[in-house]
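This report goes through one protein model, from its strands to its helices and then to the confidence of the prediction. Please keep the sequence and the coordinates open while reading.

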Amino acid sequence: MKKVKLSRQEDAEEKELHDHLIVLHRLREQGKDANRRSRRSRLTAEERDAILRKTGGKCHICGGDISGRWHADHVLAHSAGGMHAADNYLPAHVTCNNYRWDYLPEEFELILKLGVWARSEVEKGSDVGMAIAKKFSQKELKRQARRKNTAIDGI
Ligand SMILES: [Zn+2]
């Protein structure tokens with residue numbers, strides 16, 4: 001009977017995480033307009049070079065090397081009094097920056113934790129890890145195909 005109890009508790013915890021993610025999503029949707037980055041004036045090539053040099057050409061979010069397109073990420077948001085000055089920016093990969101800005105800080109932290117856990121499950125080759133690997137690979141292939149089509153349409 002102990003097993004049944006344990007599985008009920010696990011069910012409750014799953015439901016709790018599920019519900020919590022939904023609550024966070026709703027909060028994010030409510031705050032979207034208020035939190036949306038305001039349009040900012042363009043940085044000059046010299047300012048962008050100076051920003052990239054600050055981190056030695058690394059993304060300030062993930063620490064990876066930056067090559068190709070990158071975003072100048074506001075260290076202090078406009079809403080928190082951030083001024084438009086090269087001092088207020090750090091370089092970030094487009095993907096890192098977009099993912100971070102699309103989510104509330106608490107959601108982003110959960111995404112990182114879930115991602116780290118999923119990554120280790122994939123590496124272990126566990127059932128859940130292999131299921132994640134399969135679904136994720138399919139999703140990435142679809143996303144890449146969409147991007148290629150968009151690039152062709154854009155020419
Ligand atoms: Zn990055």
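## The strand pair

Trp70 stands opposite His93 in β2. The model is a predicted one, and in it β1 and β2 pair in the antiparallel sense over 5 bridges. In a regular strand the side chains alternate between the two faces of the sheet.

How many of the 5 residues of β2 are buried? The count is 4, so β2 is largely enclosed by the rest of the structure. Across the protein chain, buried residues make up 8% of the 155 residues.

## The loop between the strands

Asp87 belongs to the loop that runs between β1 (70–74) and β2 (89–93). Is Asp87 buried or partly exposed? Asp87 is partly exposed, because 14 other C-beta atoms lie within 10 Å, while a buried residue would need 20 or more. Asp87 and Ile51 are 36 residues apart along the chain, and their C-alpha atoms are separated by 7.7 Å.

## Overall arrangement

The protein chain has 5 helices and 2 strands. Along the sequence their order is α-α-β-β-α-α-α. Of the contacts between residues at least 6 apart in sequence, 54% join residues at least 24 apart.

Glu29 is part of helix α1, which covers residues 2–35. Glu29 counts as exposed because it has 9 C-beta neighbours inside 10 Å, and the limit for that class is 12 or fewer. The C-alpha atom of Glu29 is separated by 9.9 Å from that of Asp102, although the two residues are 73 residues apart along the chain.

Arg48 sits in helix α2 (residues 45–54). With 16 C-beta neighbours inside 10 Å, Arg48 is classed as partly exposed. If neighbours within four places in sequence are set aside, Arg48 is in contact with Leu43 and Ala72. Tyr99 is in helix α3 (residues 94–102) and is also partly exposed, with 17 C-beta neighbours inside 10 Å. Tyr99 and Ile111 are 12 residues apart in sequence, and the distance from C-alpha to C-alpha is 9.7 Å.

## Helix α4 and the residue after it

An α-helix has 3.6 residues a turn, so residues three or four places apart point the same way. Just after α4, Gly125 takes a positive phi of about 75°.

## Confidence

The protein chain has a mean pLDDT of 82, and 79% of its residues reach 70 or more. Over residues 35–39, however, the pLDDT is below 50, and this stretch has 2 contacts in the model beyond near neighbours in sequence. Where pLDDT is low, the predicted coordinates should not be read in detail.

Definitions and conventions:
Residues numbered from 1 in each chain as written. Predicted model: local features only at pLDDT ≥ 70, side-chain atom pairs only at ≥ 80, totals over all residues. Contact = placed C-beta atoms within 7 Å. pLDDT = per-residue confidence, 0-100. Pairing = 2+ DSSP bridges.
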